Amino acid sequence: MVKQHKKTTENSDVDMTPMLDIVFILLIFFIVTTSFVKERAIEVNRPLAKPSLDNPKKQAQFTITENDSIYFANRLITPEQIIANLALFAAQFEMTNVQVTASEQSSHKTLVTLLDKIKQYQDVPISISTSL
């Protein structure tokens, strides 16, 4: 009879402890030797209080005289200046509506031109009245 040898197989495990020690030592080395540079930036002095952007509410007033002259805030303007005057008015005040007072002797064309220019600038409520 033949003798059979029993082969014993050992589990060969790799010990990871020294490798982890080296990784942690390298990590600590790079953390300690790294120099952190603070980035330079422009310092801005911000206001402490919030500025008030609320414009007072006001009604824009146009007047058309009997000789078809257009007045805005008691100043004579041309039809080409209507939009520019409304823009200046809107920069200072919150425009709630537009009041147009036309003379009964004024022409319809002037009134329609004025209304078209107002609607071209901003769609606001318009009230029309006549002066006697």
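User: In strand 5, which residue is the bridge partner of Val 98?

Analyst: Val 98 has Ile 126 as its bridge partner in strand 5. The model is predicted: local features need pLDDT of at least 70 and side-chain atom pairs count only at pLDDT 80 or more, while totals for chains, interfaces and linings use all residues. Residues are numbered from 1 along each chain as its sequence is written, and side-chain values use heavy atoms, with hydrogens and water left out.

User: What makes an element count as a helix or a strand, and how many of each does the protein have?

Analyst: Both are DSSP runs, numbered from the N terminus: a helix is H or I over at least four residues, and a strand is E over at least two. By this definition the protein has three helices and five strands, arranged along the sequence as α-β-β-β-α-β-α-β.

User: Why is strand 4 described as largely enclosed?

Analyst: A residue is buried if its relative accessible area is under 20%, exposed if over 50%, and partly exposed in between (1.4 Å probe, protein chains only). Seven of the 10 residues of strand 4 are buried, so the rest of the structure largely encloses this strand. Of the 132 residues of the protein, 20% count as buried.

User: Why is the pair of Phe 62 and Phe 72 called tilted?

Analyst: Aromatic rings (Phe, Tyr and the six-membered ring of Trp) pair if their centres lie within 6.5 Å; planes under 30 degrees apart are stacked, over 60 edge-to-face, and the rest tilted. By this rule there are four aromatic pairs. The ring centres of Phe 62 and Phe 72 are 4.6 Å apart and their planes stand at 35°, so this pair is tilted. Phe 62 belongs to strand 1 and Phe 72 to strand 2, so the pair ties together parts 10 residues apart in sequence.

User: What makes the pair of Phe 72 and Phe 89 edge-to-face?

Analyst: The centres of Phe 72 and Phe 89 are 5.7 Å apart, and the angle between the planes is 80°, which places the pair in the edge-to-face class. This pair links distant parts of the chain, with Phe 72 in strand 2 and Phe 89 in helix 2 (residues 82–92), 17 residues apart. Phe 62, Phe 72, Phe 89 and Phe 93 form one aromatic cluster.

User: How do you know whether Phe 62 and Phe 72 are buried or exposed?

Analyst: Phe 62 has a relative accessible area of 1% and is therefore buried. Phe 72, at 3%, is likewise buried.

User: Why is Lys 58 said to lie over the face of Phe 93?

Analyst: A charge sits over a ring if NZ of Lys or CZ of Arg is within 6 Å of the ring centre and within 35 degrees of the ring normal. Lys 58 lies over the face of Phe 93 at 4.5 Å from the ring centre.

User: What makes the contact of Lys 119 and Asp 123 a salt bridge?

Analyst: A salt bridge requires a side-chain nitrogen of Lys or Arg within 4 Å of a carboxyl oxygen of Asp or Glu. The N to O distance between Lys 119 and Asp 123 is 2.6 Å, so the pair qualifies. A search of the whole structure finds one salt bridge. Lys 119 is partly exposed at 42% relative accessibility, whereas Asp 123 is exposed at 66%.

User: Where is Asp 68 found, and why does it count as partly exposed?

Analyst: Asp 68 is in the loop between strand 1 and strand 2. Its relative accessible area is 31%, which means that Asp 68 is partly exposed. Although not a glycine, Asp 68 has a positive phi of about 65°.

Conventions:
Pairing = 2+ DSSP bridges.
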